[in-house]
Amino acid sequence: MYVCICFAVPESELAQVIAEGARTEEEVGDACAAGTGCGGCLDRICDRLRAADPLHGLEVAACAA
């Protein structure tokens, strides 16, 4: 099944890109172009990134020193 229709990126390629260290939508786009076309796949990409890193997309407040 394709994650990104615009660039014909299958789930297996997205999984490989994430396994190789991509941690943001931008890094995924740089690695395989997924998410850089119409943007319709960004939610699916984000879901896969969140599965790899549960804190993906969450802002972490800086601790006051």
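Me: What should I know about the model before I look at side chains?
Reply: The model is predicted, so to speak of local features a pLDDT of at least 70 is needed, side-chain atom pairs count only at pLDDT 80 or more, and totals for chains, interfaces and linings use all residues. Residues are numbered from 1 along each chain as its sequence is written, and side-chain values use heavy atoms, with hydrogens and water left out.

Me: What is the mean pLDDT of the protein?
Reply: The mean pLDDT (the predictor's confidence in each residue, from 0 to 100) is 89, and 86% of the residues reach 70 or more.

Me: And where is confidence lowest and highest?
Reply: Confidence is lowest in α3, at a mean of 93, and highest in β2, at 98; helices here are DSSP runs of H or I with at least four residues, and strands are runs of E with at least two, numbered from the N terminus.

Me: OK, on to α2. Which residues are buried there?
Reply: Helix α2 spans residues 25–32, and its buried residues are Val28, Gly29 and Cys32, where buried means under 20% relative accessible area, exposed over 50% and partly exposed in between, with a 1.4 Å probe and protein chains only.

Me: Why are they on the same side of α2?
Reply: They cover an arc of only 100° around the axis, which puts them on the same side; the arc is taken from the directions from the helix axis to the C-beta atoms.

Me: What does the buried side pack against, and what does the face turned away carry?
Reply: The buried residues of α2 pack against β2 (9–10), α1 (11–19) and α3 (42–52), with contact meaning heavy atoms within 4.5 Å, whereas the face turned away carries the exposed residues Glu26, Asp30 and Ala31.

Me: What happens just after α2?
Reply: Ala33 follows there, with a positive phi of about 75°.

Me: Switching topic, how many salt bridges are there?
Reply: The count comes to two, taking a salt bridge as a side-chain nitrogen of Lys or Arg within 4 Å of a carboxyl oxygen of Asp or Glu. In one of them, the side chains of Arg48 and Glu11 meet at 3.3 Å, N to O. Arg48 lies in helix α3 and Glu11 in helix α1, so this pair ties together parts that are 37 residues apart in sequence.

Me: And which side chains meet at 3.6 Å?
Reply: Those of Asp47 and Arg50 do, N to O, and both residues lie in helix α3, three residues apart, about one turn of the helix.

Me: How accessible are Asp47 and Arg50?
Reply: Asp47 is partly exposed, with a relative accessible area of 43%, and Arg50 is partly exposed at 36%.
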